[in-house]
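Subject: Structure handover and findings

Hello,

Here is the structure I said I would pass on. Please look through it first, then read the notes below it.

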Amino acid sequence: MCDSVPPPIPSRMPHLRSVLLALSALAADAAGLGAQDLVSLLPPVEWRSIGPDRGSRSIAVAGHAHRPFEYYFGATGGGLFKTTDGGSTWTPVTDGQVGSASVGAVAMAPSDPDIVYIGMGEVQLRANVLQGDGVYRSDDAGKSWRHLGLANTHAIGRIRIHPTDPDRVYVAALGHPFGPNPERGVFRTTNGGRTWEKVLFRDERTGAVDLVMDPSDPDILYATLWQVYRKPWRLWSGGEGSGIFKSADGGDTWSELTRNPGLPAGMLGKITVTVSGADPNRVWANVEAERGGLYRSDDGGASWAFVNGHRDIWQRAFYFQRLEADPVDRNTLYILNFRLMRSTDGGLTLESVPESHVDHHDLWIDPTNPLRMINGNDGGGVVTVNGGRTWTSMRYPTAQIYRLATTADFPYHVCGAQQDNTTVCVSSEPTHLRDPRGASTEWMYPVGGGESGYIAPHPADPDIFYAGATNTLTRYDRATGIMTDIQPWPRIVMGEPARDMPERWNWTYPIAVAPAPPHALYVGSQHL
């Protein structure tokens, strides 16, 4: 038995610490020490970021007319980030202060840019959404936050603040994505969030998905309701609850526009809306319907005309479909979908805007200078000052990682599949790796497969990786850079129902390498 107490194991050497911890556990067991005795010999374990330093999905962005270098974007898994240098660097500002991770809405008070509201939870209802816990407010430009309630709304898509009264705020809440609940619709506070009243509500399966304030008259509001129900494997979008509404008295009363002349008949799904800053009578709506697409009103919603039905405008409506009107040109409109699109003729024709990443979810435009914008897409928040010709980079650690694996390297590498990006591996040590095929850099590298798949590093050869994704299984050799397709059943199944797939490799499937020689490789569809 050892009488002396060993020194603490440095926490900056986690790989060595893990080995010594295991050995110490064996020694402690032999010496008759309990688990608590062993833990007392070790330093506290803390989380630390190891990267990768690249962005992932953002569905909420905000800027301010009076602060041209200050912006916010909400990460769907990393809280709220802020820049004060026009997007060159970003800093997380909600860590440890909010109770959920995914920001669904953010807004800066027009009358006081130090006042910021955020709404938590995702309304862009892909299968893997994070739910939220209501509304938070900061009065010091993001330094500190306090919770304002609405915790059971689960998913908040829009926050609109009165232009002269920062305590008068409207919230569009979709509600529970996976079941009915009453905490949904449009909410209003007139006292800075101390109390809330529900001012627009349809039923427990229908929530508010979009909300816009007329730039020329803050008492005029347009809201859209969406009847939607989600399961991880299926989405029900549309029903009698979906519709578009208008208030002319600050939310006290609402008139329904859904069946006004020109809007589509039949069942409606998700609808988004925007108002021209140059002409308050000009309103656009992007409608999911049998005759879906872009509709425009030139009389404040009393009547509508079908403008454009191109599927690029309203494909995958559950995930995209937002609109943003140019603040000074009544004919210019931005449509956010897989591509970022712009129309300069009222929606009749479209052009693609140069982009930093695909899959676009939110856009803020400076009301005094429409060349200055911030866009939220599946790569994060990016800023332009030239109308979208160029954008800032996406170097911040907000990557959403679907799967994790570690390698046999020493120190070990950590690998994951990143949402709407590639697989990626980084070192577990906060050091600079040397890319064997290039210059020294803070190195991260892909290992085949795709965004949604498992990664299975070889247990004995750290250069070999197996990785999957939809219709994909690859073997990657890190030493040579050669990637080989090794699908056991090569067949593209995009768009096919499950009943027609002889083997179901869609999205994600398990991959494993046996730890003992000869290290057999196993993969599973509905069969092994």
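A residue counts as buried under 20% relative accessible area, as exposed over 50%, and as partly exposed in between, with a 1.4 Å probe and protein chains only. By that rule Arg188 is buried, at 7% relative accessibility.

This is a predicted model, in which local features need pLDDT of at least 70 and side-chain atom pairs count only at pLDDT 80 or more, while totals for chains, interfaces and linings use all residues. Residues are numbered from 1 along each chain as its sequence is written, and side-chain values use heavy atoms, with hydrogens and water left out.

Salt bridges

Side chains of opposite charge can pair when their charged atoms come close. A salt bridge here is a side-chain nitrogen of Lys or Arg within 4 Å of a carboxyl oxygen of Asp or Glu. The structure holds 23 of these salt bridges.

Arg188 has such a partner: its side chain meets that of Asp252 in a salt bridge, 2.8 Å from N to O. The pair links distant parts of the chain, 64 residues apart, with Arg188 in strand β11 (185-189) and Asp252 in the loop between β16 (243-247) and β17 (255-256). Helices (H or I, at least four residues) and strands (E, at least two) are DSSP runs, numbered from the N terminus. Asp252 is exposed, with a relative accessible area of 52%, whereas Arg188 is buried.

In another salt bridge, the closest N and O atoms of Asp167 and Arg137 are 2.8 Å apart. Asp167 sits in the loop between β9 (156-161) and β10 (169-173), Arg137 is in strand β7 (135-138), and the two are 30 residues apart. Arg137 is buried at 7%, while Asp167 is partly exposed at 28%.

Arg395 and Asp53 also form a salt bridge, at 3.3 Å from N to O. This pair links parts of the chain 342 residues apart: Arg395 is in the loop between β28 (380-384) and β29 (401-406), and Asp53 is in the loop between α2 (35-39) and β1 (58-64). Arg395 is exposed, at 52% relative accessibility; Asp53 is partly exposed, at 26%.

Cavities

Rolling a probe the size of a water molecule over the atoms shows where empty space is left. On a 1 Å grid over the protein atoms alone, a cavity is a set of points where a 1.4 Å probe fits but cannot get out, and its lining residues have an atom within 4 Å of a point. Grid points are joined across faces, edges and corners, and a volume is the space filled by probe spheres set on the points.

How many cavities of 30 Å³ or more does the structure hold? There are four. The largest cavity has a volume of about 40 Å³. Its lining consists of Ile244, Thr258, Leu263, Pro264, Leu268, Ile271, Ala285 and Val287. Strands β18 (268-275) and β19 (283-289) each supply at least two residues of that lining.

For the classes, Ala, Val, Leu, Ile, Met, Phe, Trp, Tyr, Cys and Pro count as nonpolar, Asp, Glu, Lys and Arg as charged, and the others, Gly among them, as polar. The lining of the largest cavity has seven nonpolar residues, one polar and no charged.

The second largest cavity also has a volume of about 40 Å³. Among the residues that line it are Asn471, Gln487, Trp489 and Trp505. Its lining divides into six nonpolar, three polar and no charged residues.

Backbone details

One joins Phe410 and Pro411, with omega about -5 degrees, and Pro411 is in the loop between β29 and β30 (413-418). Another joins Pro517 and Pro518, with omega about 10 degrees; Pro518 lies in the loop between β36 (511-513) and β37 (521-523).

His154 has a positive phi, near 70 degrees, and is not a glycine. This residue is in the loop between β8 (146-149) and β9, and is buried at 18% relative accessibility. Gln321, likewise not a glycine, has a positive phi of about 95 degrees. Gln321 is in the loop between α3 (311-314) and β22 (323-325), and is buried at 0%.

Regards

Key:
1 Å grid on protein atoms, 1.4 Å probe; cavity = no way out; pocket = protein on both sides within 12 Å on 5 of 7 lines; lining within 4 Å.
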